[in-house]
Amino acid sequence: MLIGGRTAADMQATLAFDVEDPITPESDDVALWLAEILTEEGATGTFFVTGAKARALEERGRKDVIDALAEHDIAYHSNTHSVHPTISEYLADCGWREGIERVIEVEEPGIDDVERIFGVRPRSFGRSGGSYAPQFVAGMAELGLAYAYSPIEHPTTAVTRFAGGLTFGDHTPGFDHVLADAEEFPQRFEDFKRNLTGHVGGGRDFLFVFVAHPSRVRATEFWDIVNFANGRNPPESAWKTPPLRPASSMETAKDHYRQLVRFCRDTPALDLTTVSSLIDEYESEVESLRTAQLVEIAMRAASSREISIDQPFSPGETILAFCEALLHVAETGELPRQVARKPVFGPSENPPTAPMRRTADLDELTEAARIVVEIVERDSKLPTQVQIDGCRMGIGSLYFALAEGIITQATQQDRGQIALPARDQFPAIARDIAVDIPDTLAGWGIHDRDLDPRRITDHTIRQTWTMKPAGTGQQ
Ligand SMILES: [Zn+2]
């Protein structure tokens, strides 16, 4: 075995399946045996099911498939997946709050259908294709669902807090048509094992082992590519089923699949789990910071000159804690013993990069802190900028200045004027996101070629203010 010799499980992993093809009845049988073999082998996984697929299974009377899947973790995979408008298409022009409300309006009926048909409320959503927007993460969180296969991942962990939700990172390529292919499978299986060794050796904490789309195990093409590629949106009466490989080839597919399941089950370095179990493990958050922690974060901000996403509070929660602490100083003359966490979204417009104001004294910073707290209480999101005496301070500049204000209090050194530096107004990870998100949206063959990624990308960059490692409250 490639990953041998370890006694403890080193990486958590979830076997994942996307059950999404409502058109092809033969795909129902594949979903059935994928779930049954998993149960037979004493393993478990997470099945991401679309609202449309759940309704199709119900209409076709496939209680056997529904029951077999329900032995495992049932998650949500959007209401209609690739039928236009897709998630990115219906959110491309939306503002922040407007987008969240649209998500709830479109997706809540789908979640309700999956719950009604499978008898269990999904606790997570798995990204459907390359369709993504940060309002979807926030909307799922409001509906009580975590977000899986996230294109936004914290640099140190695959389990991240982002845009108000708990998110799990991306997945391995999967096997799909390779399962039925006697020539291709052995090589792909070896590649899979080697990549897994790399992930474990690289210290990764969690990985989705994507197994397959049941439909693509049997069909020679994706059900959605043959109907909905490049924005095409035929009426339901014109939907085509994809071409199928022979039914007899499914025996080969089952054999290969069983090998894969056994390998994952028996590899000591892999701890197989489900998304629902991971949510239980990771959902708690640190609820307050002691003064010493807050001062340490302030000092790190001052020395690193970066907006840190590595703290138990997100950058947005941190700047609010700085504000609350300075307001406490204004009232009592000293820093508070601790500051409670207040969840907050990032700004919904781009902050100015160069503040018109270069410096502020402690009184002016305290006034800015008061304004930030008032705006967050009203809007649940950070302001883009704060104005004092008609002069602007960008929220990123304010983060560094407030940190200096906290240090001044903690060290009892009056520094007089505190600088408002014209640095990046976002955590450094925003620079990668600015490149990755347009690629993700353009890389999915279903999307309309005219889909404009700019607004979704901008919203994502602004929500880097919400990023932190998940599970900070674990003890
Ligand atoms: Zn999918």
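I shall discuss strands, then some loop residues, and then helix packing.

A word on conventions. The model is a predicted one, in which local features require a pLDDT of at least 70 and side-chain atom pairs count only at pLDDT 80 or more, while totals for chains, interfaces and linings use all residues. Residue numbers start from 1 along each chain, following the sequence as written. Helices (H or I, at least four residues) and strands (E, at least two) are DSSP runs, numbered from the N terminus.

Let me start with strand S3. Strand S2, residues 45-49, runs parallel to S3, and four bridges join them; two strands are said to pair if DSSP finds at least two bridges between them. Across this pairing, Val49 has Tyr76 in S3 as its bridge partner. Which residues of S3 are buried on each side? Asp73 and Ala75 are buried on one side, and Ile74 and Tyr76 are buried on the other. Here, buried means that 20 or more other C-beta atoms lie within 10 Å of the residue's own, exposed means 12 or fewer, and partly exposed lies in between, with C-beta atoms placed from the backbone. In a regular strand, side chains alternate between the two faces of the sheet.

Strand S6, residues 159-162, also has buried residues on both sides: Val159 and Arg161 point one way, Thr160 and Phe162 the other. S6 has two antiparallel partners to report. With strand S7, residues 165-168, S6 pairs over four bridges in the antiparallel sense, and Arg161 is bridged to Leu166 in S7. S6 and S7 form a hairpin with two residues between them, and Ala163 in the turn has a positive phi of about 50 degrees. With strand S16, residues 468-469, S6 pairs in the antiparallel sense over two bridges; there, Thr160 has Pro469 as its bridge partner.

I turn to the loops. The loop between S3, residues 73-76, and helix H4, residues 87-91, contains Pro85. A cis peptide bond joins His84 to Pro85, with omega about 0 degrees. The loop between S3 and H4 also holds Ser78, a residue that is not a glycine and yet has a positive phi of about 80 degrees. Is Ser78 buried or exposed? Ser78 is buried, because 26 other C-beta atoms lie within 10 Å.

Ser78 is also among the residues touched by Ser128, together with His77, His81 and Ile87, when residues up to four places away in sequence are not counted. Contact means that the C-beta atoms of two residues, placed from the backbone, lie within 7 Å. Ser128 itself lies in the loop between strand S4, residues 124-126, and helix H6, residues 134-142. Ser128 has 26 C-beta neighbours inside 10 Å and therefore counts as buried. The C-alpha atoms of Ser128 and Asn79 are 9.6 Å apart, although 49 residues separate them along the chain.

Another residue with a positive phi that is not a glycine is Tyr149, at about 55 degrees. Tyr149 is in the loop between strand S5, residues 146-148, and S6. With 22 C-beta neighbours inside 10 Å, Tyr149 is classed as buried.

Finally, the helices. Axes are lines fitted to C-alpha atoms, for helices over the stretch in contact, and angles run from 0 to 180 degrees between N-to-C directions. Helix H1, residues 26-40, packs against helix H10, residues 249-266, at about 40 degrees, with axes 10 Å apart. H1 and H10 are therefore oblique to each other; angles under 35 degrees count as roughly parallel, over 145 as roughly antiparallel, 65 to 115 as roughly perpendicular, and the rest as oblique. Trp33, Leu34, Ile37 and Leu38 in H1 meet Lys254, Tyr257, Arg258 and Val261 in H10.

Helix H13, residues 315-332, and helix H14, residues 362-379, cross at roughly 125 degrees, their axes coming within 9 Å. H13 and H14 are therefore oblique as well. Residues making this contact include Leu320 and Cys323 of H13, and Leu365 and Ala369 of H14.

H14 also packs against helix H15, residues 395-411, at about 120 degrees, with the axes 10 Å apart. That angle makes H14 oblique to H15. In H14, Leu362, Leu365, Ala368 and Ala369 meet Leu398, Ala401, Leu402, Gly405 and Thr408 of H15. Thank you for your attention.
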